[in-house]
Each structure stands twice: as structure tokens, then as C-alpha cells.
Amino acid sequence: LRSEGARALSFDGTSGYVDLGNPDELQIEGNITMEACIRIEGDIRPGQRANPHRNIIAHGHDRMTEVFLRLNLFESTYETGCWIGRTDSTFMAKYKIPAADLGTWVHIAGVYDGSSWKIYRNGEVVAQARAPSGATQVARA
């Protein structure tokens, strides 16, 4: 992005990311809120089976745990939740990406409130799913 004083990053949706490592401050358990302003450019390629997930925010995937707010290109959905590898359990909420979201800025948030995963789109709850697990600690390398 080119603007005086700009503090935003731009990603191509395929390979760019910011790696914050795995510090103690990110060892969050239970309640969590993850949010971002995103703009989906072009076609989201519905039906893509190979590597369909596009993380917006993710912590983990160390083959043991992961917490995520992402796009699923195969199902054309927003998803937020957690995956626990030792039991191969995924707890999440999902919401079909509206056509109106393509090419426009959207505020998206994934929240675990102690009993449910919720997706907020532009400040409104659009999906929720009861779940016994929220954010989970990620193993150290």
C-alpha cells in the first residue's frame, strides 16, 4: 500500500504472511477474539478441493493444535474455530461468503465466548456453533 503513514499490509492470497513466532503471549486458552478487515479480490474459486483453506489469522497447525479465522475456497465459506489433533476434533462456525463481499472491504471476526464459536461480519453475528473448546495452546518447537 502506498500512502504517507500507511500501516497496512497487502497480501496476494496465496503465499504472503506475517509470522509472529510462538511466544508466551500467544499461548491463549479458552476465550478469544480474532478480527481483520479483508477484501476478497476476484473469484474465490468455489469447489477448489486441493488446499482450500486461506488463513486470515491462524495460530498453530503444529500437527497438534490450531486456532483459525479463514476462508474455505472449497465450500466458499468463512470459518472460525479450533482443531485438536490428539482427538482429530474440529470445533467451528462457518458462514457462506456472500457475493456482495467480493471486491469490497469486510470486517470479519471469529470469537469464542466460552460456549460457542461465532462469526461476526461487519459487526453482526452471522453464524454460531456451540463448542466445548476455544483457543488452545500450541506446542513449542
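A quick word on conventions before the tour. Residues are numbered from 1 along each chain as its sequence is written, and side-chain values use heavy atoms, with hydrogens and water left out. Since the model is predicted, local features need pLDDT of at least 70 and side-chain atom pairs count only at pLDDT 80 or more, while totals for chains, interfaces and linings use all residues.

Let's start with the overall picture. The chain has zero helices and eight strands, where helices (H or I, at least four residues) and strands (E, at least two) are DSSP runs, numbered from the N terminus. Read from the N terminus, the elements go β-β-β-β-β-β-β-β. Of the 141 residues, 37% are buried; buried means under 20% relative accessible area, exposed means over 50%, and partly exposed lies in between, with a 1.4 Å probe and protein chains only. For contacts (heavy atoms within 4.5 Å), take those with a separation of 6 or more: 49% of them involve residues 24 or more positions apart. The chain exposes about 8,800 Å², and carbon and sulfur atoms supply 49% of that; these areas come from the Shrake-Rupley method with a 1.4 Å probe, and for residues only the protein chains shown count as cover.

Now to the sheet. It is an open sheet of four strands in the order β2-β3-β4-β5, with antiparallel pairing; two strands pair if DSSP finds at least two bridges between them. At the edges sit β2 (53–60) and β5 (89–96), each pairing on one side only. From one strand to the next, the twist averages 15°, using axes that are lines fitted to C-alpha atoms, for helices over the stretch in contact, and angles from 0 to 180 degrees between N-to-C directions.

Let me zoom in on β4 and β5. Strand β4 covers residues 77–84 and pairs with β5 in the antiparallel sense over eight bridges. The two form a hairpin with four residues between them. In that turn, Asp-88 has a positive phi of about 50°. Across the pair, Trp-83 stands opposite Thr-90 in β5, and Glu-79 stands opposite Lys-94 in β5.

That last pair brings me to charges. How many salt bridges does the structure hold? There are four, counting a side-chain nitrogen of Lys or Arg within 4 Å of a carboxyl oxygen of Asp or Glu. Lys-94 and Glu-79 form one of them, at 3.8 Å, N to O. The pair links distant parts of the chain, with Lys-94 in strand β5 and Glu-79 in strand β4, 15 residues apart. Is Glu-79 buried or exposed? Glu-79 is buried, with a relative accessible area of 1%, whereas Lys-94 is partly exposed at 36%. Glu-75 joins in as well: Glu-75, Glu-79 and Lys-94 are linked in a network of salt bridges.

Next, Arg-121 and Asp-101 form a salt bridge whose closest N and O atoms are 2.6 Å apart. Arg-121 lies in strand β7 (residues 116–121) and Asp-101 in the loop between β5 and β6 (105–112), so this pair ties together parts 20 residues apart in sequence. Both Arg-121 and Asp-101 are buried.

Finally, the side chains of Asp-113 and Lys-118 meet in a salt bridge at 3.1 Å, N to O. Here Asp-113 is partly exposed, with a relative accessible area of 34%, and Lys-118 is buried at 18%.
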